[in-house]
Amino acid sequence: MSKKTALITGIAGQDGSYLAELLLSKGYTVRGTVRRASYPHTERVDHLLKAYDERDPQCPFKLMYADLTDVSSVRNAIEECQPDEVYNLAAQSHVGISFITGESTLEINALGPYRILDTLRRTGAKTRYYQASSSEMFGASPPPQNESTPFLPQSPYGVSKTTAFYLTRVHRVAYGMFACNGILFNHESPRRGLNFVTRKITRGIASIVTGEMQTLALGNLDAKRDWGFAGDYMEAIWRIVQHHEPDDFVIATEDTHSIRDFLKDTFSLVDLDWNDFVMCEDRYKRPAEVPALLGDASKARRILGWKPKTTYRELCQMMLESDLRAKGLTMESARVLAQKLRKPSRTRAYPANVVPMAKAS
Ligand SMILES: NC(=O)c1ccc[n+]([C@@H]2O[C@H](COP(=O)([O-])OP(=O)(O)OC[C@H]3O[C@@H](n4cnc5c(N)ncnc54)[C@H](OP(=O)(O)O)[C@@H]3O)[C@@H](O)[C@H]2O)c1
């Protein structure tokens with residue numbers, strides 16, 4: 001069989017980088033899109049750029065410019081690499097920020113997939129299309145959530161992903177395209193963006209231990225999420241695309257924890273009490289919350305034979321270790337440094353809108 005070519009949009013994001021590694025390990029030719037930035041940020045795939053010689057036309061790994069808001073760049077990318085599979089991972093992926101940048105979130109996350117699907121339809125090629133759908137589409141629907149749970153999105157991000165989900169289905173039903181959705185629950189890693197709560201916490205702990213930061217400001221700590229490891233989830237989406245027919249699958253660990261739990265379980269790894277360092281700030285609260293996400297991934301288990309390998313506790317440890325390593329620390333040396341921080345004064349005066357968590361709870 002000839003080598004397959006995959007086009008990954010958003011390849012320099014968390015998921016794109018893990019998916020690129022996975023597909024390269026399977027012998028794919030991988031092409032990935034990045035968008036123009038005044039300060040290029042390809043850190044998550046720099047190791048791949050170094051490993052392959054981009055000047056070689058047969059090079060298995062290459063980046064190309066495309067922006068999902070620019071249809072001609074989308075068409076060019078597809079025409080140039082003629083992919084067997086397209087993994088559309090590009091998105092404005094931050095739920096909180098989507099309340100501020102609602103219009104561009106919809107433009108990128110909803111119209112962007114439409115532009116890709118429409119281009120693929122017009123080429124008439126048998127390209128398989130994967131849409132990065134999200135558990136945020138379930139929003140206020142009570143857990144556990146599976147493929148039959150109604151969507152009740154609570155944010156512009158959730159609405160944009162719901163639109164893209166249905167556009168993907170419409171292209172499957174109306175035009176017979178191989179277009180599928182992975183409804184992924186939250187997945188994290190040491191490569192998670194710096195403004196996502198899990199990474200804010202693990203990076204915050206590393207900065208607290210080194211004395212660079214005294215407190216960590218967060219929003220709603222009661223939200224519950226089903227957190228998995230991004231690397232495991234890329235195997236799931238590859239299986240969704242290899243399945244003999246296009247379909248939609250929930251991908252989740254089937255385990256849920258609150259942000260409060262995540263704080264407790266990561267701070268305790270360096271023997272600290274999170275209550276001494278975390279403050280709740282209104283500015284981080286969202287206008288509408290998604291209270292609890294807990295996936296039922298039984299369909300993926302049954303049909304794709306997929307299940308996550310990494311546990312929640314292993315994920316906490318992996319993320320904290322990585323952020324400590326970036327500061328030249330091990331878990332052991334961080335614990336030694338943390339000893340000096342164990343009983344900070346709680347008499348400090350806080351601004352009126354800031355409540356130290358020990359008092360708030
Ligand atoms: N991680 C999760 O828990 C999770 C759960 C469910 C679904 N998803 C979805 O899965 C996908 C991958 O998630 P992720 O965690 O890897 O997100 P991420 O780290 O934020 O990566 C998203 C990528 O999309 C790119 N992008 C943004 N706007 C673009 C545009 N207009 N044109 C082209 N590229 C653009 C970003 O580039 P810049 O760096 O230039 O912004 C970034 O490389 C996203 O669609 C996300 O919404 C994620």
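Modeller: Let's start at the ligand: a polar side-chain atom of Lys 161 lies 2.8 Å from one of the ligand's oxygen atoms. Keep in mind that this is a predicted model.

Biologist: How much of the ligand's accessible area does the protein cover?

Modeller: On its own, the ligand has 890 Å² of accessible area, and the protein covers 90% of that.

Biologist: And which elements give two or more residues to the shell around the ligand?

Modeller: Those are α1 (14–25), β5 (128–134) and α6 (156–175). The largest share comes from β5, with 3 residues.

Biologist: How many residues surround the ligand, and which are closest?

Modeller: There are 26, and the closest are Asp 15, His 41, Ser 93, Tyr 157 and Lys 161. By type, the shell divides into 11 nonpolar, 9 polar and 6 charged residues.

Biologist: Let's move on to helices. What should I know before reading one?

Modeller: In general, an α-helix makes a turn every 3.6 residues, so residues three or four places apart point the same way. Now try α5, residues 102–123: its 22 residues reach 31 Å from first C-alpha to last, close to the 32 Å expected.

Biologist: Where in α5 is the kink?

Modeller: At Leu 111, shortly before the proline Pro 113, and the angle is about 35°. After α5 comes Gly 124, with a positive phi near 75°.

Biologist: What about α7: how far does that helix reach?

Modeller: Helix α7 covers residues 197–209, and its 13 residues reach 18 Å, close to the 18 Å expected.

Biologist: Why is α7 described as largely enclosed by the rest of the structure?

Modeller: The idea is to count residues with under 20% relative accessible area, the cut-off for buried. In α7, 11 of the 13 residues are buried, so the helix is largely enclosed by the rest of the structure. Among them are Arg 199, Lys 200, Ile 201, Gly 204 and Val 209.

Biologist: Can we finish with a single residue? Is Thr 266 buried or exposed?

Modeller: Thr 266 counts as buried because its relative accessibility is 0%. This residue lies in helix α9, residues 259–267. A polar atom of the Thr 266 side chain is 3.3 Å from the backbone oxygen of Leu 263.

Definitions and conventions
Residues numbered from 1 in each chain as written. Predicted model: local features only at pLDDT ≥ 70, side-chain atom pairs only at ≥ 80, totals over all residues. Heavy atoms only, no water. Helix = DSSP H or I, 4+ residues; strand = E, 2+ residues; numbered from the N terminus. Expected span 1.5 Å × (residues − 1). Bend = angle between axes of the 7 residues up to and from the residue. Near = heavy atom within 4 Å. Polar contact = N/O pair within 3.5 Å; in protein donor to acceptor, adjacent residues only side chain to side chain. Areas by Shrake-Rupley, 256 points an atom, 1.4 Å probe, with all protein chains shown as cover. Nonpolar A, V, L, I, M, F, W, Y, C, P; charged D, E, K, R; others polar. Buried < 20%, exposed > 50% of the residue type's maximum accessible area, 1.4 Å probe, protein only.
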